[in-house]
Amino acid sequence: MFYSKEEFKEEFTKRLGQDKVPQTAYAVLGAMMKELLEEDWVKTNQLYTESKVKQLYYISIEFLIGRMLVQNLHSLGIFTIVQEGLQELGFNLEELEEMEPEPGLGNGGLGRLAACFMDSLAALQLPGHGCGIRYKGGLFTQQIENGFQTEYPTDWLREIEGWEKRRDDLAVEIPFYGRLHPRHTDIEWVKAVPYDMPIVGASGRTVNTLRLWQAEVSERPLPAYKDFNEYTLETAAISDRLYPDDSLVTGKILRLKQQYFMCSASLQTIIKTLPGPVHELPHQVAIQINDTHPAIAIPELMRILLDEEGLEWEEAWNITTHTISYTNHTILGEAMEKWDSHLLASLVPRVYEIIHEIDRRFKEQLQEQVLKEQEFKKLSIIDDGLVKMAVLAVVGSYKVNGVAELHTDILKNREMKELYRQFPGKFHNKTNGITHRRWLIKANPELTQLITQSIGDDWLKKPILLNDLNKFIIDASFQEALKEVKRAKKNQLIAHVEKSWDSPIDPLSIFDIHIKRFHGYKRQLMNILHIQSLYDRIKEDSTYRPYPRTFFFGGKAAPGYEFAKQVIKLINVIAAKVNQDPLVRSHIHIVFIENYNVSHGERMFPAADISEQISTASKEASGTGNMKFMMNGAITLGTLDGANVEIVERVGKENAFIFGLHSQQIMLLEKHKNYRAQEVIEQSPELKSLMARLLSGELSDGTENISFIRNQLVDLNDPYFVLKDFHSYAAMHEKVLASYEDQGNWQGMSVRNIAESGIFSSDRTIQQYSDDVWDLKKILNVY
Ligand code: GL9
């Protein structure tokens with residue numbers, strides 16, 4: 001369609017016509033992009049079908065893809081042409097990008113990881129696709145009102161239609177409810193209609209597919225007892241909204257419906273479009289289940305193989321357990337899915353029957369061993385009237401992985417010890433990664449340019465080559481240029497934020513950034529309590545006048561998670577006080593970024609000096625924000641948790657600020673129950689006064705109490721060890737300040753972090769999955 005800037009301008013102008021407003025420009029540009037990638041998309045699919053190569057399906061309840069327009073311009077290799085062309089025609093690409101709504105089809109790390117994986121699969125020219133749900137409403141929009149989080153529905157679909165292709169021809173029917181005997185009757189069918197989105201591979205012609213399913217009423221007859229209006233409402237609800245849960249389960253029937261809907265639709269399609277006989281499934285298809293949300297794919301695949309393909313149990317089980325593999329993303333107890341047996345038996349009776357049989361056979365096998373009752377219980381899929389999805393996922397998969405070395409070790413040695421003993425060969429680690437294309441090349445073109453000027457452009461395709469930057473650690477002119485980049489990114493962030501934030505932000509201050517979901521274990525509370533202690537110290541000690549710092553917070557709390565919501569309120573109360581105080585304000589400043597999402601992230605990671613990664617050791621499975629900061633030259637201030645451990649291994653302890661209890665220490669304190677928060681408070685005058693003021697309500701506006709924070713720290717004995725780690729956290733902040741004074745050394749640390757970040761590209765992660773689990777072959781789309 002166009003190969004040069006002039007050709008682009010000509011085509012664009014022609015299509016734009018007389019309607020030269022940004023809205024039209026945005027629409028025209030989008031339409032041109034879609035046309036441009038359409039041919040490659042069709043060709044990629046044809047190639048996969050004709051060559052009968054093995055294909056991967058990554059099933060996930062969340063895909064937090066972020067905006068697509070600019071990312072696709074980069075992938076198609078026409079970003080510069082278009083950006084300059086638009087400028088010459090009087091349009092600003094950045095302004096057009098702002099018109100694109102962000103599809104918030106995920107909560108946080110787990111959903112964003114799925115999106116990074118899609119990007120890497122396409123970039124590496126591997127045949128891998130996503131399967132998920134086309135939620136009409138993504139994650140809620142957060143507004144801060146009077147310091148409190150309030151939630152508003154986000155309906156992104158209205159404006160985005162266009163990137164996707166509805167495929168009525170590929171719709172399938174999903175069976176819910178009904179009676180089983182003598183045969184499955186009275187089924188309430190739901191129609192699943194796929195919407196396909198193109199996943200464009202960087203500088204190749206591979207265009208993979210993200211297939212999102214939408215629930216609609218079926219044309220098949222409804223059972224006599226069922227009211228049609230009720231059925232219509234229930235059906236629409238299935239793909240209406242993403243559950244806003246973060247590392248938490250609701251146990252609601254609608255969630256289970258979503259899971260089964262997505263798995264059944266995906267599997268039916270996979271089987272229908274299989275190029276060979278069904279017993280060859282494991283050679284033709286790999287299915288990865290992203291956490292336990294799609295674990296119901298295991299009995300569903302069994303159902304299809306048994307009832308629709310007519311296989312015997314042994315053969316069906318053999319196929320299933322060589323096709324499906326499982327990734328675990330958390331060890332938090334409250335995030336472990338357990339479904340009520342009755343609920344399953346009523347909603348998906350045949351699937352429940354199969355789960356029961358899987359459990360029965362597995363237990364029969366276990367009978368041959370001498371097992372303690374406790375061990376046997378841990379290994380039971382069905383236990384106490386509950387179906388434990390993680391156990392089902394391990395038993396029914398050929399590979400099981402954690403998402404960072406520490407996390408996988410904890411799975412093997414503690415959380416899944418009994419399962420590991422049964423299936424030692426299944427367990428492996430795949431440390432998470434992030435796509436450097438979005439999080440460095442797109443988000444930070446200034447840094448990208450500096451790197452390319454210094455080490456050439458091979459790193460764009462092989463991010464591990466960022467390692468070559470190590471030779472610039474003490475190079476004064478590189479350091480100066482890096483500082484310049486950071487300053488530019490800070491100013492851009494300020495320009496963006498100041499539209500909504502009323503107090504001016506100092507671009508020369510240290511940008512200390514804490515962005516992620518609000519959760520007890522992520523310890524935003526520790527951060528804000530420390531800031532309060534800084535405030536007190538500045539007020540009381542006239543010799544303490546620290547170098548200016550701006551503390552940024554951003555993140556959403558699950559609507560039902562009261563504690564997390566009160567932490568948001570506390571931050572906003574303390575922010576109001578700090579930011580209004582003329583003395584304190586020149587030393588510390590707090591900014592709360594409303595409605596933190598992917599687009600905000602793209603502006604914030606590049607502007608950071610300090611990356612707050614302060615979870616209670618052993619609780620954060622991996623973290624991926626830590627990698628995005630590192631790649632943009634921020635220094636980690638964190639605990640030895642999740643992938644922080646591997647980051648520190650790469651950069652060296654001297655290039656990070658590490659504090660706090662280690663995971664072993666935390667696990668011992670938990671096991672022996674010998675932590676006493678009250679004693680820690682008693683021993684520290686600083687904590688004592690901080691707690692007294694906090695609990696008196698002085699820090700809570702007078703309008704609201706802080707009962708949940710009190711409850712957590714006092715009544716619940718500080719389960720995330722905020723008080724226990726407080727002093728070593730505060731001491732590390734002082735070390736940050738001292739280090740920042742030596743700018744030569746600081747910039748060197750920053751270079752070191754960028755240089756070592758290549759290993760955390762999701763290209764590395766995906767290549768490892770492909771080599772060790774999926775066995776995919778690179779397919780070149782040439783024609
Ligand atoms: C998570 C873990 O908590 C993170 O540590 C991890 O980096 C990601 C991706 O592996 O998975 N598990 C989980 O349930 N969430 C994670 O972020 N939560 C959300 O995504 C909301």
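I took helices (H or I, at least four residues) and strands (E, at least two) as DSSP runs, numbered from the N terminus. The model is predicted, so I kept to the rule that local features need pLDDT of at least 70 and side-chain atom pairs count only at pLDDT 80 or more, while totals for chains, interfaces and linings use all residues. Residues are numbered from 1 along each chain as its sequence is written, and side-chain values use heavy atoms, with hydrogens and water left out.

Entry on Leu 460. I found Leu 460 in the loop that runs between α20 (445-455) and α21 (476-497). Its relative accessible area is 28%, so I list Leu 460 as partly exposed; buried means under 20%, exposed over 50%, and partly exposed in between (1.4 Å probe, protein chains only). I looked for contacts (heavy atoms within 4.5 Å).

Entry on Lys 522. I placed Lys 522 in the loop between β16 (510-515) and α22 (524-540). Is Lys 522 buried or exposed? I list Lys 522 as buried because its relative accessibility is 9%. With neighbours within four places in sequence left aside, Lys 522 is in contact with His 514, Lys 516, Arg 517, Ile 614, Ser 615 and Glu 620.

Entry on Lys 372. I located Lys 372 in the loop between α14 (349-366) and α15 (373-379). Lys 372 counts as exposed, at 62% relative accessibility.
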